[in-house]
4 protein chains.
Amino acid sequence: MTKAQGLKIAVIGGGSSYTPEIVEGFIKSYEQLPIRELWLVDIEAGKHKLEIVGELAKRMVAKSGLPIDVHLTLDRRKAIAGADFVSTQMRVGLLEARKYDEHIPNKYGVIGQETTGPGGMMKALRTIPVLLDICKDIEELAPNAWLLNFTNPAGMVTEAIARHSKVKSIGLCNAPIGLHKWLSKKYDTTSDHIYTEFVGLNHLHWVTRIEVEGEDKLTELLDKREEYSGKNVPATEWDLDFLRGLGGFPSYYLKYFYLTDVMLEEQLESLKANGTRAEVVKRVEDELFELYRDPDLQEKPKQLEQRGGAYYSEAAVNLMVSLYNDKRDIQTLNVTNGKILDFLPEDAAIEVNCVVTGKGPIPLPVTNVPEQAKGLIHAVKTYERLTIEAAITGDRAIALQAMASHPLVPSVKVAKALLDEMLEQNKPYLPAFFK
Amino acid sequence: MTKAQGLKIAVIGGGSSYTPEIVEGFIKSYEQLPIRELWLVDIEAGKHKLEIVGELAKRMVAKSGLPIDVHLTLDRRKAIAGADFVSTQMRVGLLEARKYDEHIPNKYGVIGQETTGPGGMMKALRTIPVLLDICKDIEELAPNAWLLNFTNPAGMVTEAIARHSKVKSIGLCNAPIGLHKWLSKKYDTTSDHIYTEFVGLNHLHWVTRIEVEGEDKLTELLDKREEYSGKNVPATEWDLDFLRGLGGFPSYYLKYFYLTDVMLEEQLESLKANGTRAEVVKRVEDELFELYRDPDLQEKPKQLEQRGGAYYSEAAVNLMVSLYNDKRDIQTLNVTNGKILDFLPEDAAIEVNCVVTGKGPIPLPVTNVPEQAKGLIHAVKTYERLTIEAAITGDRAIALQAMASHPLVPSVKVAKALLDEMLEQNKPYLPAFFK
Amino acid sequence: MTKAQGLKIAVIGGGSSYTPEIVEGFIKSYEQLPIRELWLVDIEAGKHKLEIVGELAKRMVAKSGLPIDVHLTLDRRKAIAGADFVSTQMRVGLLEARKYDEHIPNKYGVIGQETTGPGGMMKALRTIPVLLDICKDIEELAPNAWLLNFTNPAGMVTEAIARHSKVKSIGLCNAPIGLHKWLSKKYDTTSDHIYTEFVGLNHLHWVTRIEVEGEDKLTELLDKREEYSGKNVPATEWDLDFLRGLGGFPSYYLKYFYLTDVMLEEQLESLKANGTRAEVVKRVEDELFELYRDPDLQEKPKQLEQRGGAYYSEAAVNLMVSLYNDKRDIQTLNVTNGKILDFLPEDAAIEVNCVVTGKGPIPLPVTNVPEQAKGLIHAVKTYERLTIEAAITGDRAIALQAMASHPLVPSVKVAKALLDEMLEQNKPYLPAFFK
Amino acid sequence: MTKAQGLKIAVIGGGSSYTPEIVEGFIKSYEQLPIRELWLVDIEAGKHKLEIVGELAKRMVAKSGLPIDVHLTLDRRKAIAGADFVSTQMRVGLLEARKYDEHIPNKYGVIGQETTGPGGMMKALRTIPVLLDICKDIEELAPNAWLLNFTNPAGMVTEAIARHSKVKSIGLCNAPIGLHKWLSKKYDTTSDHIYTEFVGLNHLHWVTRIEVEGEDKLTELLDKREEYSGKNVPATEWDLDFLRGLGGFPSYYLKYFYLTDVMLEEQLESLKANGTRAEVVKRVEDELFELYRDPDLQEKPKQLEQRGGAYYSEAAVNLMVSLYNDKRDIQTLNVTNGKILDFLPEDAAIEVNCVVTGKGPIPLPVTNVPEQAKGLIHAVKTYERLTIEAAITGDRAIALQAMASHPLVPSVKVAKALLDEMLEQNKPYLPAFFK
């Protein structure tokens, strides 16, 4: 990948409120990632947002003085053709669909969450077919491109692409980089003096090694129940006795599994007070777009950091830089398992440390996998694989198996009721199920 | 194992109400299993029952006219010394302890069951150290003996023995033979015309092949929701749509996992009406021993079949016969995994078809493992391995991980409360935890 | 497989001198294997032999009084259509081709053998495409038939079929049954009191357990250097020190690998005295056919036992009987590895103990694999897999890799010279290489 | 490993002619590897050489002006105590023993080579017990030290240490860095623009990826039969057809396996002309020590580069720098397999790319393993593992299995003769065999 004339990048879902962040990243990293063309593409329904955020992007680039051409388009194929990198950050069904992903499970006394459980399953069913369509375009129009997928549920989407297309694709989450940022601040050091080892799946990982300047900090962190937390997960406290025996620093998403009762209670209370998380986000986004409109704004506004997906863009730019420059640094990514976790299928997607070479990421063997984590990882992976199969086949029987397999779904009876109501609600986005 | 003078068998927990059944089995199979000495051994607290059932055993043998010497003893080492087979069928803490295994979880809205969940965990914590003590005696006094373990939770006990002693041991359950009996009756054929393939763990298996006279009957059985059921599991109905997609005929114990809400409801109702299952069993046992007392009784009374553990003895005698005669027939047993289920550790105990040779059972590779089953198998195996570790170390932190890992325990908060109360309740039987 | 009207069996290469043996087997086992139609099929070049041996078969059946119809045909598709079992025992290129398989390597100071080394490779290149053609017919005309393959090199042929067709196929060798016959005689017992465990590949196995009436005899046999030997392998003596450290009773074919120098010397001497083994066999066969012609002959002549492939037919009939009756006994067969030998690919053919059920053989896990054997097994399997690939693609570069990989070929230089001369010699039988 | 006061390094075999090179390396890398104490240690027999080379080392350090203390000692324990790094570069039996490693096999028409075949086996038998003794000292006196092992046969020595001691150890060879040097020169670029992937064992590897500035060069290199070669391996030409089909750029040591006949011929000719390679090296060394004596010499003399082990020291210093600084760059090292090559045992040593972190190297999964390479890798690994077992037990039966298993040894007969003569020759260095 050594283009004399510079790189072409296509951002699918370019009308997203996150776009200013990734544009800022591209500007900052221009020397290592010489972009010539940046294509922001969105669907008809997102045209208005694309225009607002696209114009801001153009103003940001103009201010930087860099020779990057920003293109706005609704024509996906045009954006993809000949691209070096394609990134996706989209939401099939928009925030409206997410609202039901969160709300319907809550009605049944089940966690409502957009990346796992019944909500995550619906999001996967809506998203996977669309992503596989995009992959067909990439196979045809940009077969050498790297697809960087941010679209949640990132683990399932990445696995679906790896198993059902030929596109070179990597799944990305902001949690790993977020942990490094938090550790850097806490220990007053830089990220390259921190070594962490991730074990598990997207939104279901344990950090089994944390070394700062060569010293083990894992025990200390578990012992004090110190935690960093995502913007989108309530800051419920871990049980200290439990944490000490856990053998790894848990992802904040693990609260949904370990602290289910408290988390559900919080969800129900928050629902009463503020509506679903989708509705909260909707309001934040509306405010952001209000800001973006300002023709004098030429940079990413501070308020974007409140949005929840902090560092997503930094993660993406870092990855592109390493792929482009064969940098061989270690990043935590969603990739195909191979033999890393020997209890999962070789073609399963996992979230794991990788060395990023010019030919792609090589996943690193893990030092140890806590016994405690294996059952839960496998239970969720079972749900993920059944969900992927259901997304591709539209087979309701498999969808029922998927739903009933999820550890947060208490019984087949509840699974069936949830499935019926949620499939119906998502009908417009699930052609495979309603042929 | 070709003893000119006949075999010596030691039955630990010989005062059990099941003993007449195994004695009947020995009498019927004498030609293939020439027993010279049968030692029934029990603990002080079981002395009274041992005498009653032991005298019945002597009357049964006398009636048969066979040259078997029946010995009753409280001296375990004497019973074990030089034995060819040792079988265990005991209950540390007696039915009184079981009562709390069932009752305490119910108080927290959790399934109370003596072989899985919090109840099964307590039973494992009580039982494993005692079994390992027995194994030390066998290692010393009868190193070539086969240990046939019926004691529940049979999977965990078998795995603990395999990993922590040198005794040649096999775990046994009556469910596989029970399925064959049911199929034989249903299809009016004999067991040797039936081929079934079991996948999973003890009390957590799926039957993935059922062939009767060479014809596949699995689909038919799933399609009609026909079911056989254990005496000790309520006959709740499966969801037909779910069953069709399951890919295997489920063990009746799987109802606790798939139909949790209905099963819990039934438990709570039954608890109100009849007390715990332990209390019901207690009454049945009292009646049985009343019968056993009758000096005119010279055979196994019909009423024993109501007891719940039907065919246990037949399973045991079949296994001894095959081991003794290098019979090389297929039996479903609890043995060490090896590479059969490639997602579990090699030293995990699984329940699987085996060819029983004179040197022991060889587990058979399985044709397929339904994707749906993997997560649940691994989740329960995780709980089992942590429980074994807790039983051996008496480490409360590991015990908390075990409890929290069980799919029927809804959160760490509940796990902790259950653990605290149940350990306290079992204090007399858990010296490792209360040093 | 429960045919009211009796079974149909097709024997491809029916004009073979072995046919009377298999016919005798069918007659003896009629009760367990009720054959209605026996089709002997051969190619035009074998028509004359087919007629002679076919008439003998008819006379044998007539004498037995059984209602078996014997058909002789040159129409393979007619023979296969609707068959329950197809067996193959053929020799592409006839004994003439074998002559060169043995002779050319000898010229280069290399072992000349028809089932391994350069000779075995040529035989595989000639045979595999023909067998895969037969498989296409079976897929179309008898999709439920079992294919029993005796055709050497049986391991490679079995693997090629398993990987490149959908036919249910099993590879067979007479060595395992030969060992049992030898042990039965030596220890004056019956085969069902003998337990042996085979590890390795066809013509490259170690017997790692030998128990007679429950007692280990392996050490004793190795210690005394006692040996049984095939008719087709010179009876060179093993080094006693070496044998004691070997950890398994070696297949007599292993002499080619361990005693290469002595075996080569014997080959060269025998070549001088009697010509190649192919020429010796040719003379034996001519004599046999002379006998078969006799219209008064109604049974298998004694002289056939000198032929070298003793017990082949017994092995085949045993296997058919177990498949047909779901007998679940243990037989040593060439089947797909799965996870049995964990250092070989899952789709490699290995020779291993299997339980033969009505749905096919299930390979049994092996107790141990001697460290010493692994390297050699893997080296030969590498050659086998490259040879299979060469047979299917006709790619000379791959053929060179195959030849150079064989442990009996001393260098790439010799490999290349051998390959050039042997491909040229086999030109008429290798259309893929001479397109 | 953040020592305020600087590092302590112990070089075992410090009297080696290579020492000036490593001293030069330490001086050049002082900024990244702040050494405070450098201990050169040797045995009594090497005292004279230690003094000569030690004084040169002191002069070199003095000239550099760096605050490194150079210590010369015969007291190994003193040198090791509290060391941060221990490196070994020794030759048990000195060049005299090597002479016979090379000469005796040649007498039997077998390749005589000090790192593989019968010669390598003898070297391993002499060396492994000594290295394990050193490891005991390290376990006791410097438990946190890294042991960098250059001592050949480096693969077997590394595996022996990993399996039989607790020392953190890494095996090193100069071939990987040598390839990079050669590629850098050939393509006029720097090493960080080259990506290579190694598959195999020490002195038995295939390079399956060679990318220069992101472009694949493997095919081009194979196609032109271009080769780089070690000083210690004759530059025999590869067969071009063979090379093209090989799927990887072969280590120059592979010539002993693939071009055995030509290599043997060259050995025999060279033996006649110049004596064994050991004798040639002896003369080179004598000349080097003559130079080292010169009190005016203050730097590594140019002539050292002719010695054969070019870049050894650069490899060692690079590795220490990366370990000390948690550099996370990719180096090709001899480490424990884990799951990288799935056909070898997990505890086997392999030569493979690793990311070097502060906690040690993490081996990288390999992209592909050529089918062609597997058999040979496994055959040699079999020999290696048996040799290690023989070295530790002194068991002659196992030694015979090891010798007979090596692909360059043509038969058990030759193996036995070689073993007898070579063990006898090495008697003074093999106490375990002559108890």
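**Exercise 1. Chains A and B**

Through what do the copies, chain A and chain B, meet?

*Solution.* Start with the interface residues of chain A: 100% of them are also interface residues in chain B, so the two copies meet through the same surface. The model is a predicted one.

Next, superpose. In general, two copies of a chain are related by a rotation about an axis and a shift along it.

**Exercise 2. Chains C and D**

Describe the side of chain C that touches chain D: which helices supply it, and what kinds of residue does it hold?

*Solution.* Count contacts. On chain C, 35 residues are in contact with 35 residues of chain D.

Assign them to helices. At least two residues each come from α9 (240–244), α11 (260–274), α14 (371–393), α15 (396–405) and α16 (412–425) of chain C. The most come from α14(C), which gives 12 residues.

Sort by class. This side of chain C divides into 16 nonpolar, 9 polar and 10 charged residues.

**Exercise 3. The pair α14(C) and α15(C)**

How do α14(C) and α15(C) pack, in terms of angle and distance between axes?

*Solution.* Two packed helices are described by the angle between their axes and the distance between the axes. For α14(C) and α15(C) the angle is about 155°, and the axes are 8 Å apart. Angles over 145 degrees count as roughly antiparallel, so α14(C) is roughly antiparallel to α15(C). Their crossing is left-handed.

Now list the contact residues:

- From α14(C): C:T382, C:Y383, C:L386, C:T387, C:E389, C:A390 and C:T393.
- From α15(C): C:I398, C:A399, C:Q401, C:A402 and C:S405.

By class, the residues of this contact divide into 6 nonpolar, 5 polar and 1 charged.

**Exercise 4. Helix α4(B)**

Which residues of helix α4 (residues 94–107) of chain B are buried, and against which helices do they pack?

*Solution.* Apply the burial cut-off: 20 or more other C-beta atoms within 10 Å of the residue's own. The residues of α4(B) that pass are B:A97, B:R98, B:K99, B:D101, B:E102, B:I104 and B:P105.

Find their partners. These buried residues pack against α5 (117–141), α12 (277–292) and α16 (412–425) of chain B.

Check what comes after the helix. B:G109 follows α4(B), and its phi is positive, near 75°.

Definitions and conventions. Residues numbered from 1 in each chain as written. Chains lettered and ligands numbered in written order. Predicted model: local features only at pLDDT ≥ 70, side-chain atom pairs only at ≥ 80, totals over all residues. Buried ≥ 20, exposed ≤ 12 C-beta atoms within 10 Å, placed from the backbone. Helix = DSSP H or I, 4+ residues; strand = E, 2+ residues; numbered from the N terminus. Contact = placed C-beta atoms within 7 Å. Nonpolar A, V, L, I, M, F, W, Y, C, P; charged D, E, K, R; others polar. Axes fitted to C-alpha atoms, helices over the stretch in contact; angles between N-to-C directions. Parallel < 35°, antiparallel > 145°, perpendicular 65-115°, else oblique. Left-handed = near helix turned anticlockwise from the far one by under 90°.
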